[in-house]
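Open the model in your viewer and keep the selection panel at hand. This tour goes stop by stop.

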Amino acid sequence: MTEIFGIPIQALMGQLMLGLVNGSFYAMLSLGLAVIFGMLNIINFAHGAMYMAGAFFAWMGLTYWGIGYWWSLILVPLTVGVVGVIIERTMLQWLYQLDHLYGLLLTFGLALMIEGAFRYFYGSSGLPYSIPEELTGAINLGFMFLPKYRAWVVVVSLVVCLATWFVIEKTKLGAYLRAATENPRLTQAFGINVPLMVMLTYGFGVALAGLGGVLAAPAYAVSPLMGSNLIIVVFAVVVIGGMGSIMGSILTGLSLGVIEGLTKVFYAEASNTVVFVVMVIVLMIRPAGLFGKEK
Amino acid sequence: MTMPKIHFGYLGLFVALLFAPFFVYPVLVMKVMCFALFACAFNLLLGYTGLLSFGHAVFLGTGAYVTGHVLKEWGWPTELGLLAGTLSASVLGLLIGALAIRRQGIYFAMVTLALAQMVYFLFVQSTFTGGEDGLQGIPRGTLLGVVDLADDQSLYYLVLAICVGAFWLIHRTIHSPFGQILKAVRENEARVVSLGFDVAKYKLVAFVLSATLAGLAGATKVLVFKFATLTDAHWHASGEVVLMTLLGGMGTAFGPVVGAGVIISLQSELADKVGSLVTVIMGGIFVVCVLAFRRGIVGEASALYQRIAGTKDIH
């Protein structure tokens, strides 16, 4: 059998794989947003900008200092995380007592600044970043050719997402984190340094976005606009899934990527909007989101 | 005591605007007025109802596109064109508002942003909007078949009349019983529910009213510039209107006007000099406003005025 519903199985599998790659980025970013929102009560609009900065740091590392992909995979998330910690200490920490909206507005301003600065220095057109040698080429699976790099992206992001889930849900550190999310003052009264945890949570959340950026650099062109285009879709993903559950964010992200990929095969004109359409349907049927709790 | 003073302020500004086209380039003043109207419409939601719509540019864009299309392609008279653009924005506002008010707080902002992005993508793909090229060379037509609007001066007074009328409508809305309930929703939604009001209905009416006026701003803007492009509907424009309102002072009647004036003049001043660094500066203003200046220009000024007036009374 080489066709399903009149679509060649090769094309179908190819788009499915691309959808999974996109879904991996949705999952990583919405996971970061959810973790940050849980601790800081802030929707991090700068998340897309951090993802873009991650891709750019990888590109800059390679172009200016000859730092390869593998080192970038470790160094860039650390750098982005440090930037995040500085942002949290200098700005965000003053907003925790205020309405949630101010956090959104501040991080929106930051996103504009970061995006504008990169656009000023590097222009709007994309910069190429080649796939590392070890991951070029494709594997023949019999029914399709699987590009190695795409498989790598999906595997890495799955591992990172599941590890994050494991740490938060199953370890002692995660228990502190969940306690601090539930009731920060009581947790602090038990002698746990909550402000430190908040700071590290933000750092970790944006580091995830930075890692996403490094993974994305060889898959897409590195461009100042890559973050803002993505973050709005990720917001829709977050609305669909609800931010209550870590596993929920991961599953929603992946499945929406797949849905988007399938739409590209069957009705390409709608592939830009399908995530938003799903959001509309979810809002009508289950306003709190698939995994959300109505507060 | 302070009320007559504020009214004198409005009167002074109105007189200044009447004579402005003799001294300043009228198109720039008209641009400021359109964005002031847009920001006032937005402030009705954010400042008075406590709803942050992060996709308001889509109503500006819809007003602009529909008015532009019916004037250019269908040859409608100018008045009907304005009406068509404004009403289309109302209908879209009803659809988006009905969905968005199903979620509260931060989710409301995300839902409006996502829905606006969806409409933006539809605009990109549609032939109605001219896609990437937009609509160019839209005729201004005449007012009631008498006044030729191709002349900037005549158009100026039409735009002024529209903006003053809309501002008056917003003023009346804010000070009506309906406006009081909106403010109560902003302060404590649960309590308003427990008092027996149907909060969802109030929010929806406020949302549609705000979308309508934003559409009117877009329709008017098309007459001024004679083109409609994707920029009007882009999320950057949604961000700009948030910034104008925040900088001028949310929840103050006059703040958005001041904010629009400052941002538009800043942009037209800086655009040639620093290029894309304008975005960085806008972002910087956002950050400074949120961290140190949350009441905005008008909010801070009136707080200062009250402090001075207050100390005078004591001495």
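**Stop 1: a charged pair in chain A**

Select A:Glu88 and A:Arg89: their side chains form a salt bridge, with N and O 3.0 Å apart. Keep in mind that this is a predicted model. Now colour by accessibility. A:Glu88 is buried, at 0% relative accessible area. A:Arg89 is partly exposed, at 32%.

**Stop 2: charged pairs in chain B**

Go to B:Lys221 and B:Asp232. Their side chains meet in a salt bridge, 2.7 Å from N to O. The pair links distant parts of the chain: B:Lys221 sits in helix α9 (residues 199–225) of chain B, and B:Asp232 lies in the loop between α9 and α10 of chain B, 11 residues apart. B:Lys221 and B:Asp232 are both buried.

Next, select B:Asp198 and B:Lys201. This salt bridge has its closest N and O atoms 4.0 Å apart. B:Asp198 is partly exposed, with 40% relative accessible area. B:Lys201 counts as exposed because its relative accessibility is 55%, and the cut-off for exposed is over 50%. Over all chains, the count comes to seven salt bridges.

**Stop 3: the interface**

Show chain A and chain B together. How many residues does the contact take from each chain? Chain B gives 40 residues and chain A gives 44 residues. The two chains bury about 3900 Å² between them, 79% of it on carbon and sulfur atoms. On the chain B side, select B:Ile106, B:Met110 and B:Trp235. These lose the most area to chain A, together 16% of what that side buries.

Now look for polar links across the interface. There are zero salt bridges between chain B and chain A. Three residue pairs are in polar contact, both residues at pLDDT 80 or more.

Colour the helices of chain B next. α5(B) gives the most, with 13 residues. By class, this side of chain B has 27 nonpolar, 10 polar and three charged residues.

**Stop 4: cysteines and a buried serine**

Select B:Cys40. Its sulfur is 8.8 Å from the closest cysteine sulfur, in B:Cys163, so the gap is too far for a bond. B:Cys40 is buried, at 4% relative accessibility. A:Cys161 is buried too, at 2%. The structure holds zero disulfides over all chains.

Finish at B:Ser90, in helix α4 (residues 78–100) of chain B. Is B:Ser90 buried or exposed? At 12% relative accessibility, B:Ser90 counts as buried. Leaving aside residues up to four places away in sequence, B:Ser90 touches B:Val208 and B:Thr212.

Technical notes:
Residues are numbered from 1 along each chain as its sequence is written. Chains are lettered from A and ligands numbered from 1 in the order in which they are written. This is a predicted model: local features need pLDDT of at least 70, side-chain atom pairs count only at pLDDT 80 or more; totals for chains, interfaces and linings use all residues. Side-chain values use heavy atoms; hydrogens and water are left out. Contact means heavy atoms within 4.5 Å. Buried area is the accessible area (1.4 Å probe) that two parts lose on being put together, summed over both. A polar contact is a pair of N or O atoms within 3.5 Å; within protein, one must be able to donate a hydrogen and the other to accept it, and residues adjacent in sequence count only if both atoms are side-chain atoms. Helices (H or I, at least four residues) and strands (E, at least two) are DSSP runs, numbered from the N terminus. Ala, Val, Leu, Ile, Met, Phe, Trp, Tyr, Cys and Pro count as nonpolar, Asp, Glu, Lys and Arg as charged, and the others, Gly among them, as polar. A disulfide is a pair of cysteine sulfur atoms within 2.5 Å. Buried means under 20% relative accessible area, exposed over 50%, partly exposed in between (1.4 Å probe, protein chains only).
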